[in-house]
Amino acid sequence: MPAYDVLVIGAGIIGLSTAFQLAKRKKKVLVLDRGDVGSGTSGACDHMILLQSKLPGLPLQMAMLSLEMYQAWQRDLGENLWFETRGGMILVDKPQHLSFMERFVEEQRSIGLNVTMLSREQIRKKQPFVSERVLASTYCPDDSQIDPFSVLKALLKAGTTLGMELKKFSRVVALERKSNHWLVKIQDGTTYEADVVVCAAGVWSREVCRMVGLDVPIKPKRGQILVTEPIESVGETDVWDSDYIIAKHMSHLQEDETAKKLGLGFAMSKTHSGNYLIGSTREYVGFDRSTSFEALVAITKRLIELFPIFKNVRIIRTFAGLRPACEDGKYVIGEDPENPGFFVATGHEGDGIALAPITGALLVQMICGEKPSLPIQELSPARFRDFKKEEKPSFQRGRSS
Ligand SMILES: Cc1cc2nc3c(=O)[nH]c(=O)nc-3n(C[C@H](O)[C@H](O)[C@H](O)COP(=O)(O)OP(=O)(O)OC[C@H]3O[C@@H](n4cnc5c(N)ncnc54)[C@H](O)[C@@H]3O)c2cc1C
């Protein structure tokens, strides 16, 4: 009999959320990571449980459920996750984006999100330092944030207390199905046995899935961030611009050449320690995690355009992370139909922090043989089995570039 019920590949936020929730269901769980906890994207990102950026439908539904789960985790995990509901605004300073954003808000409202359009007076009340160029803004009072490092730490601690094991610096190099369980080999030759394997390997998921003959077209999408010195709040909420929504969901509509090349969309949020995180880009540059002068200048220029008060604020650090983006723009959650007991949880792009709790919950339901509480068939990796029979995956066909 295998030593473990479930072996999770990846100690990022998706892997640890899944492992913790499995341990709660009394499963014997081993987590393997090629590096340290949070050494992938979950340690190089923003911190938002942003509802407003989600497409109306399954992504928004998942985010709303995840928000409730984070509230429970903040209560129950016994650690400060720095959960805070500051609300969010998406600023519009380009007249041609106005009707599009109004429609986006209407659609989200129709499926129950508490989001509205603000008058100019209301905007200035919430953001007294915003530039006069801003014409309109959305407002969602429920947009929230956590601290990803604190969440990782809390999940690890709570999972370990329940018997979950973690082996760091253990890179999975081969997966083999033997009778009715899995053999998982790491770089030093050690082999682990488990009934079920979960691939939560972020941007490396394609490499891991190929070990079982499944081609999941995940590609890294770089995002660059500037970190300011700690300062007093400049406004009541966290802030994005309408280009952020365009860069995320329909990049072909970006007008400006530099913005298009960099996938530029403005994001500004305040951390619990008073530093502001300012971003960001959406770039396909392989696994390159460096920052670029061109992007940092473009982000800063946009910051000063929207919030001139920041010209006297010091930038103390910059970093870049890689979003795990699936070619068809959807998350990948479910069991590989050609490999019973091999589950995939990846492709969360810029939503993995927000969606970690619900992703783990859905996987646990499937692994325990229950019906998932949301209709997530469209997210199944089965779509790449069918897809492969028709044609080879090509990133050029993706919705964003
Ligand atoms: C700039 C930026 C801003 C973002 N802002 C937000 C935000 O505000 N809100 C939000 O919801 N999301 C945000 N995201 C997205 C979010 O960070 C990701 O979706 C999420 O972190 C992905 O988590 P993961 O667990 O899938 O991947 P990771 O955190 O990368 O974890 C995967 C793990 O798998 C391990 N691994 C890989 N291959 C192997 C192997 N062969 N063997 C063993 N281990 C392996 C890696 O070492 C890694 O630790 C942002 C991302 C970026 C880049």
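This is a predicted model: local features need pLDDT of at least 70, side-chain atom pairs count only at pLDDT 80 or more; totals for chains, interfaces and linings use all residues.
View 1. In total, 43 residues surround the ligand, and the closest are Gly12, Gly40, Gly202, Gly223 and Gly352. Two or more residues each come from helix H1 (13-24), strand E13 (218-228), strand E17 (315-326) and helix H10 (352-367). E17 gives the largest share, four residues. Helices (H or I, at least four residues) and strands (E, at least two) are DSSP runs, numbered from the N terminus.

View 2. The protein chain is divided into domain 1 (4-44 + 149-217 + 328-397) and domain 2 (88-141 + 219-326), with bounds from an automatic or database domain assignment. On the side of domain 1, 16 residues take part in the contact, and domain 2 brings twelve residues; two residues are in contact if their C-beta atoms, placed from the backbone, lie within 7 Å. The domain 1 side of this contact has five nonpolar, eight polar and three charged residues. Both domains give residues to the shell around the ligand, so the ligand lies between them.

View 3. Most residues other than glycine have a negative phi. Lysine 26 has a positive phi of about 70 degrees and sits in the loop between H1 and strand E2 (29-32). Is lysine 26 buried or exposed? Lysine 26 is exposed, with 10 other C-beta atoms within 10 Å. Tryptophan 82, in the loop between helix H2 (58-76) and strand E4 (84-85), has a positive phi near 55 degrees. Tryptophan 82 counts as partly exposed, with 17 C-beta neighbours inside 10 Å. For these words, a residue is buried if 20 or more other C-beta atoms lie within 10 Å of its own, exposed if 12 or fewer, and partly exposed in between, with C-beta atoms placed from the backbone.

**View 4. Look here for a cis peptide bond.** The bond from glycine 279 to serine 280 is cis, with omega near -5 degrees. Serine 280 belongs to the loop between strand E16 (276-279) and helix H9 (293-306).

**Reading the views.** Residues are numbered from 1 along each chain as its sequence is written.

Conventions:
A residue is near a molecule or strand if its C-beta atom, placed from the backbone, lies within 6 Å of it. Ala, Val, Leu, Ile, Met, Phe, Trp, Tyr, Cys and Pro count as nonpolar, Asp, Glu, Lys and Arg as charged, and the others, Gly among them, as polar.
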